[in-house]
Structure formats: C-alpha cells, structure tokens
Amino acid sequence: MMGILLLGVPFLFLFICCGVLKLNELRYRKKGLPPGTMGWPFFGETTEFLKQGPSFMKNQSAKHGSLFKSHILGSPTVVCMEPELNRYMLMSEGKGLVPGYPQSMLKIMGKWNIGAVEGSLHKTMRSSMLGLIRPTMIRDKLLSKIDEFINAFLCHWNGQVIDIQEKTKEMWLLSALKLIAGIETGPLSESMKKELYGVLTGTISLPIYFPGTNYYRGFKAREKVISMLENIIKERRRDPLCCQADMLDSLLETDSENEAKLSDEQIIDTILTLVYSGFETVSTTTMMAIKYLHDHPQALEEFRNEHFEIKKKKSSDYKIDWNDYKSMEFTRAVICETLRLATVVNGVLRKTTKDTELKGYIIPKGWKIYVYSREMNYDPLVYDEPFSFNPWRWMNQNLESHHYFLSFGGGGRLCPGKELGIVQVSLFLHYFVTRYRWEEIGGEKLLKFPRVEAPKGFHIRIWDY
Ligand code: HEM
C-alpha cells in the first residue's frame with residue numbers, strides 16, 4: 001500500500017506540473033499570436049533561455065519558425081530571428097515599437113536616459129548627445145584627449161600579469177570621465193569609478209529594492225554619482241573661467257535667451273547614459289580583439305605592420321591624429337570581425353505601445369520584442385565560413401555596406417557612439433601592440449551568452465615588444 005502511495009507522488013507532481021504549464025499556455029492563448037511556448041507562470045522560460053542560450057533560440061525557431069512567442073526575463077516576449085523583419089523593426093519606432101529595456105536599467109539610469117524617452121524628447125536628447133560625440137567633434141576635440149589618456153594608461157605594463165577584462169573596463173570609465181567632465185585620473189575619478197561600477201551592476205540585477213541587493217546598491221551608487229556631478233556643475237557655474245571645453249561645458253551652454261538647453265537632471269542622466277553605453281561594448285570589444293589577435297598570428301602580424309607603419313613616420317613623443325586613425329583600415333576590419341564573431345551585441349529589445357501587426361500576427365500592447373540579430377552574424381549565406389576569424393572579409397567595405405550587420409543597431413536608434421567606440425578600441429590596440437607582446441595565462445572561462453565575459457577575469461602576461 002505504502003509502495004503504491006510513494007509511486008503515486010511523482011505522478012501526482014508530474015500531473016500538477018503539466019496542469020500548471022497548460023493553464024499558463026491557455027492564459028496567453030490569444031487569437032493572432034505567433035506560435036511558441038510560455039513556460040511557467042512568472043518565470044516563463046527564462047531559465048532555459050539563460051542556460052541554453054543560443055541553442056534555446058535555435059530549437060524554438062526550428063519548432064515554431066523564426067518569429068515565436070516565449071516568456072523571458074519577466075515579460076511575455078516575441079523573439080524575431082528574421083533578418084528583414086529585424087531591420088524593419090529597428091526602423092519602426094514611429095509605428096509603435098519603442099525601446100523595451102528592463103525596469104531595473106531604466107530606473108537606475110534615470111528618467112531622462114535615452115532608452116527611456118520617445119518621440120520628440122528622444123530627438124532632443126539624441127541630438128544633444130550627437131553634438132558631443134559626432135565624428136567632427138572626435139576629429140577636432142576628443143581624439144587628442146583620448147590619445148593622451150590611452151598613451152599614459154598603457155605605460156609600465158612590462159613584466160606584469162594583468163586582467164585585461166578589468167583593464168579595458170577601467171580604460172573606458174576613466175577615459176569617459178576625462179572626456180565628459182575633464183576629470184583626471186586621481187582620487188575623484190577613483191571614487192566615481194567605484195560608484196559607477198555600482199550603478200552598472202544595479203542595472204543588470206533583479207529589481208528588488210531591499211538593502212543588500214545589487215538593485216538597492218545601484219540606487220545608492222546613483223545617488224552618490226549624482227551628488228558628485230551636482231558639485232562639479234555648481235563649481236563650473238560659480239567660476240565660468242574654469243571652462244574646460246569638455247562635454248559638460250557644451251551641455252551647460254545656454255541659448256541666445258540665456259536659457260539652459262537641458263535641465264541639470266537631464267544633463268546628469270545624459271552623462272550617465274554616455275558612460276553606460278560605452279562601458280561594456282567598448283571594453284568587451286577591446287578584450288575580444290586582443291584574444292582573437294593572440295589566436296591568429298597572421299592577423300596579428302598584419303595588424304602590427306599597420307600600426308608600426310604609422311609609428312615609423314612619427315617622432316618619439318608622437319600623437320595619433322585623425323589621418324592616422326582613418327588610415328587604420330585593417331584595424332577597423334578586426335574590430336568589425338570581433339563584434340561579429342564574439343557577438344558583443346546579441347540583439348536589442350523593443351516594446352509595443354499598441355497592438356501591432358507583424359508578419360500577419362498581432363503582438364499585444366505592452367509585449368516585448370527581442371530583435372535577435374545574433375544568428376545573422378553566423379549565417380553562411382552572408383559570411384563565408386562564418387565561424388572563422390577572418391578580418392580580411394571586411395576590407396574595402398564600410399560598415400554600412402553590410403546590410404545585416406546590426407552590432408550598432410539601426411534606424412532612429414543607430415548607435416551615436418559608433419565612431420567614438422571604434423576610436424577608443426583602435427587607439428588602445430595601437431599602443432598595446434606597438435609596445436607589448438603577450439601570452440594568455442590560460443584556463444580561464446570565456447562566456448559568450450547572455451553577455452560576453454570572463455567570470456573570473458582574463459589574465460595575460462605582458463612584455464615589452
Ligand atoms: C563597440 C562599441 C559599441 C557598440 C557595439 C554599440 C552598440 C549599440 C547598439 C546595438 C545600440 C542600439 C540600441 C537599441 O536600438 O536599442 C546602441 C545605442 C546607443 N549607443 Fe552604442 N555601442 C557602442 C559604443 C557606444 C559609445 C562609445 C557610446 C557613447 C559614448 C554609445 C552610445 C549609445 C547611445 C547613447 C545609444 C542610444 C541611442 C538612441 O537610443 O537613440 N555607444 N549602441
């Protein structure tokens with residue numbers, strides 16, 4: 001009797017599980033939705049998505065087609081893996097497809113952060129940002145500052161074992177602080193760096209506002225960053241002569257009627273957005289380019305030749321200028337190939353502001369759409385031998401000529417920091433390969449999904465070249 005009862009328990013459990021899954025499917029059974037499964041109530045299929053990553057996406061699309069529904073990261077979501085449709089969605093903000101980033105990110109980054117604003121406000125915030133980082137600004141103002149910073153940052157690495165993941169993150173943060181508010185490396189930049197790390201970790205956490213959680217710490221860090229930035233702004237206003245001709249000065253400019261173009265709150269959120277947007281993208285691209293160059297000696301040789309060719313024409317205390325940067329054709333190809341092969345960006349998130357028709361299906365208002373562009377990067381019809389690192393495939397082509405290369409997004413939200421990001425990576429790599437050779441310590445895990453990262457760091461041993 002006892003045996004039968006014990007045998008019955010797993011069956012009962014299985015029965016209840018199937019019932020719960022079925023009920024959850026019924027909850028989302030609405031006419032016109034794409035095929036797919038919704039998983040468990042509340043959790044959906046997040047665990048499968050995070051554990052299996054790209055294979056989860058491939059399996060689901062094999063079963064249900066390239067547009068399927070799921071429930072991931074806390075929201076009912078439609079995943080789109082169809083190249084043309086993905087491009088169309090990036091162009092369709094006016095048709096009710098707005099950014100759909102997680103609440104934790106939007107709340108910690110502030111209500112004026114560019115991912116949280118739409119319509120005419122987005123245009124205003126975007127154009128003030130573009131005014132700071134567009135290519136002519138880089139050429140005329142930013143490049144020499146970036147060069148000065150990276151040149152000094154990459155000194156005295158000979159004989160050291162360093163965590164290149166940590167160093168590339170530091171490179172971006174400290175360089176951004178210098179460009180934005182003229183903050184030189186020192187005690188202020190160190191305390192800013194500490195708090196900014198807190199903000200960044202908070203944006204990718206579960207939104208539980210309770211002491212001890214990353215989300216809570218993210219908010220506290222945001223408060224401290226705001227207070228430091230408010231002090232800097234106050235100081236600038238008090239003493240206009242301490243003009244630094246940096247991004248903050250441009251943001252503080254007034255119009256012809258002496259009215260501020262942006263409020264202080266908007267300025268602070270813009271600064272946070274600038275630091276945030278380049279943080280993981282620029283640092284991960286730099287780290288992965290170093291990894292790929294290490295693993296591909298022929299590419300490294302051509303890469304070094306390009307940079308020594310530039311160095312050869314210069315004096316000993318040289319600076320990289322705009323023409324030098326523009327001549328780094330192979331470097332640009334290495335960066336594109338790194339972005340493609342490492343898939344630094346898997347895709348972007350959108351949200352429907354009304355019931356929206358896609359490929360004959362109706363996506364309900366408030367659902368997320370994952371514009372999942374990762375698989376396009378490995379499509380053999382687009383890239384010959386897609387899994388090999390081949391920077392030469394990008395030679396004599398510009399980024400825009402690659403119709404399906406969406407690492408910088410597209411449409412009205414195309415990355416405004418694209419050129420700045422490429423400049424940062426290029427200059428870092430210039431000083432790195434012309435000064436040093438390196439070997440990997442080895443045995444360290446590199447994850448590619450959901451983010452490209454080395455959970456325990458990526459250590460390399462460095463010598464003078
Ligand atoms: C390798 C470097 C970079 C990559 C791969 C990258 C990628 C992207 C992508 C995919 C988007 C589109 C997001 C969407 O559609 O929702 C984007 C947007 C954005 N990026 Fe970048 N980014 C890079 C560097 C930078 C840098 C250095 C900055 C600024 C300092 C920056 C600032 C921004 C901003 C402000 C947006 C939002 C634009 C808008 O909503 O109108 N990015 N980036």
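Which residues are the closest to the ligand? They are G278, G409, C415, G417 and G421, out of 26 residues that surround the ligand. A residue counts as near a molecule if its C-beta atom, placed from the backbone, lies within 6 Å of it.

## Basis of the model

This is a predicted model, in which local features need pLDDT of at least 70, side-chain atom pairs count only at pLDDT 80 or more, and totals for chains, interfaces and linings use all residues. Residues are numbered from 1 along each chain as its sequence is written.

## The shell around the ligand

Helix 12 (264-295) gives the largest share of the shell, 7 residues. Helix 6 (119-133), helix 12 and helix 16 each supply at least two residues. Helices here are DSSP runs of H or I with at least four residues, strands are runs of E with at least two, and both are numbered from the N terminus.

By class, the shell has 14 nonpolar, 10 polar and 2 charged residues. Ala, Val, Leu, Ile, Met, Phe, Trp, Tyr, Cys and Pro count as nonpolar, Asp, Glu, Lys and Arg as charged, and the others, Gly among them, as polar.

## C415

C415 sits in the loop between strand 8 (368-372) and helix 16 (418-435). Leaving out residues up to four places away in sequence, C415 touches F408 and G409; contact means that the C-beta atoms, placed from the backbone, lie within 7 Å. C415 counts as partly exposed because it has 16 C-beta neighbours inside 10 Å. On this scale a residue is buried with 20 or more other C-beta atoms within 10 Å of its own, exposed with 12 or fewer, and partly exposed in between, with C-beta atoms placed from the backbone.

## Backbone features in loops

Most residues other than glycine have a negative phi, and most peptide bonds are trans. L73, not a glycine, has a positive phi of about 50°. L73 lies in the loop between strand 1 (67-72) and strand 2 (75-80), and is partly exposed because 17 other C-beta atoms lie within 10 Å.

E385 also has a positive phi, near 40°, and is found in the loop between strand 8 and helix 16. With 9 other C-beta atoms within 10 Å, E385 is exposed.

F449 and P450 are joined by a cis peptide bond, with omega about -5°. P450 is in the loop between strand 9 (436-440) and strand 10 (459-464).

Key: Two residues are in contact if their C-beta atoms, placed from the backbone, lie within 7 Å.
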